[in-house]
Amino acid sequence: MASRCWRWWGWSAWPRTRPPPAGSTPSFRHHLSTQEKTPQICVVGSGPAGFYTAQHLLKHPQAHVDIYEKQPVPFGLVRFGVAPDHPEVKNVINTFTQTAHSGRCAFWGNVEVGRDVTVPELREAYHAVVLSYGAEDHRALEIPGEELPGVCSARAFVGWYNGLPENRELEPDLCCDTAVILGQGNVALDVARILLTPPEHLEALLLCQRTDITKAALGVLRQSRVKTVWLVGRRGPLQVAFTIKELREMIQLPGARPILDPADFLGLQDKIKEVPRPRKRLTELLLRTATEKPGPEEAARRASASRAWGLRFFRSPQQVLPSPDGRRAAGVRLAVTRLEGVGEATRAVPTGDMEDLPCGLVLSSVGYKSRPVDPSVPFDSELGVIPNVEGRVMDVPGLYCSGWVKRGPTGVIATTMTDSFLTGQMLLQDLKAGLLPSGPRPGYAAIQALLSSRGVRPVSFSDWEKLDAEEVARGQGTGKPREKLVDPQEMLRLLGH
């Protein structure tokens with residue numbers, strides 16, 4: 001995947017891996033025409049949004065796309081966010097690998113845009129820049145006690161068991177009996193499922209090579225004493241954010257039984273008649289689980305379960321309660337709520353009643369959040385997105401965005417695919433209409449020189465494939481599909497950087 005670099009203000013006219021044949025030095029005019037036919041585009045972020053955007057941009061027969069990533073490894077939330085017991089979801093990596101193998105696409109990891117190189121520098125080197133760096137932060141609870149030991153974000157917890165380098169030293173204390181997850185989305189259910197999955201079931205997943213959970217996380221989970229997990233939401237059953245697939249997995253989780261209060265579902269049968277079909281099916285499953293008597297086999301399974309999970313509706317967190325010595329979390333104070341409004345405008349308002357829910361671990365799962373990447377890029381701090389119209393960044397020609405930083409942290413991988421293709425389509429339309437800078441741009445050649453002068457060593461896709469082979473080899477010893485490398489310095493050492 002040699003970078004295409006032409007002689008333009010000193011850049012070599014030939015790929016660095018092959019010198020030009022004797023007597024074949026191209027003329028200046030040849031360079032100019034070649035450059036003008038080769039749009040140089042860069043994408044910031046190598047998760048689903050970044051790769052799907054690149055995939056669409058490569059429909060242009062001459063476009064060259066460089067993908068920049070701050071981690072030394074690609075694939076973003078597919079690698080670091082998808083639950084380790086959902087390996088089938090990660091199959092999309094095969095598609096992304098095909099894109100990266102294109103002769104007109106290059107991956108450059110270990111490059112943090114905003115620190116190692118600025119967005120204005122990228123805009124100067126490329127005809128267009130697409131920001132697809134996702135949502136790297138979590139939404140804070142903004143309640144007293146949030147800073148206590150025993151409280152962490154679900155995002156950090158997911159990063160810990162999935163091998164995200166920045167979370168590798170999290171060391172959650174799972175010596176308590178009860179955990180509370182604040183939030184009722186798919187991430188909350190993923191975390192609850194991982195916390196409650198029996199150790200022997202995790203071992204079974206290992207034996208059939210169906211989990212790439214990190215060695216360190218597996219060791220801690222084997223020793224976990226957590227027996228009960230509560231998932232708390234401000235609103236009711238009709239407003240939960242998880243999907244039916246994740247709910248069904250929780251209901252059928254080996255060794256665990258659901259705890260649902262039938263009173264929370266009173267009058268719901270009539271209300272679900274008018275809701276869209278996916279929401280109706282989800283709510284019907286909740287309703288059956290909460291109110292119907294299970295069959296003999298399911299009743300026996302629940303009776304023998306040593307662990308439990310439950311949904312607490314109409315509760316809003318007000319404070320994380322400290323232990324008597326004040327050294328760690330010991331519970332959550334919840335305001336009881338009721339619903340006002342109809343449809344999408346339904347909101348939870350406090351009734352004035354309070355209740356305390358004892359626990360030893362609090363995980364906040366109230367949403368992911370994007371960060372501003374560069375002072376030159378407009379950013380809506382309230383919504384956590386880059387202001388844009390169909391992916392075109394407002395008031396900044398030649399700058400685009402896709403994925404969660406474009407629309408907010410919602411939807412699944414398929415949603416991101418559609419969204420990213422749309423951004424790619426808008427960019428190619430602008431290119432065809434002559435709305436992007438004309439004339440040649442040096443692309444990666446200019447950025448490579450900047451990075452080199454700053455002591456930054458980018459990681460290529462072929463470098464990643466060496467790390468990939470090392471992870472697979474390490475996993476074979478323990479029966480896993482891979483044992484993830486979690487230390488960036490170790491990754492760079494293995495590459496000889």
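1. Is Asn 110 buried or exposed? Asn 110 counts as buried, at 16% relative accessibility; the cut-offs are under 20% relative accessible area for buried and over 50% for exposed, with partly exposed in between (1.4 Å probe, protein chains only). Its phi is near 65°, a positive value in a residue other than glycine. Asn 110 sits in the loop between strand E3 (105-108) and helix H5 (119-125), where helices (H or I, at least four residues) and strands (E, at least two) are DSSP runs numbered from the N terminus.

2. Before going on, a word on what we are looking at. This is a predicted model, so local features need pLDDT of at least 70 and side-chain atom pairs count only at pLDDT 80 or more, while totals for chains, interfaces and linings use all residues. Residues are numbered from 1 along each chain as its sequence is written, and side-chain values use heavy atoms, with hydrogens and water left out.

3. On confidence: pLDDT (the predictor's confidence in each residue, from 0 to 100) averages 90 for the protein chain, and 91% of the residues score at least 70. Residues 1-35 stay under 50. The model has 51 contacts beyond four places in sequence for that stretch, a contact being heavy atoms within 4.5 Å. Where pLDDT is low, the predicted coordinates should not be read in detail.

4. Glu 390 also has a positive phi in a residue other than glycine, near 55°. Glu 390 is in the loop between strand E16 (388-389) and E17, and counts as partly exposed at 42% relative accessibility.

5. Now two serines. Ser 46, in the loop between strand E1 (40-44) and helix H2 (48-57), is buried at 0% relative accessibility. Its side chain joins that of Glu 69 in a polar contact of 2.8 Å (N or O atoms within 3.5 Å; within protein, one must be able to donate a hydrogen and the other to accept it, and residues adjacent in sequence count only if both atoms are side-chain atoms). Leaving aside neighbours within four places in sequence, the contacts of Ser 46 include Phe 51, Tyr 68, Phe 75 and Phe 107.

6. Ser 323 lies in the loop between strand E11 (315-322) and strand E12 (329-340) and is buried too, with a relative accessible area of 13%. The side chains of Ser 323 and Asp 325 make a polar contact (2.6 Å). Beyond four places in sequence, Ser 323 is in contact with Arg 328 and Ala 330.

7. The sheet is worth a look: six strands, open, parallel pairing, in the order E6-E14-E7-E8-E10-E9 (two strands pair if DSSP finds at least two bridges between them). Strand E6 (151-153) and strand E9 (256-259) are at the edges with a single partner strand each, so one side of each has no neighbour in the sheet. Inside the sheet, E8 (228-232) and E10 (307-312) pair over five bridges, and Val 229 has Trp 309 as its bridge partner in E10.

8. Last, helix H15 (413-432). Its 20 residues reach 29 Å from first C-alpha to last, close to the 28 Å expected (1.5 Å times one less than the number of residues). Its buried residues include Thr 416, Asp 419, Met 426 and Leu 427, and among the elements covering the buried residues of H15 are E1, H2 and strand E4 (128-131). Just after H15, Gly 434 takes a positive phi of about 75°.
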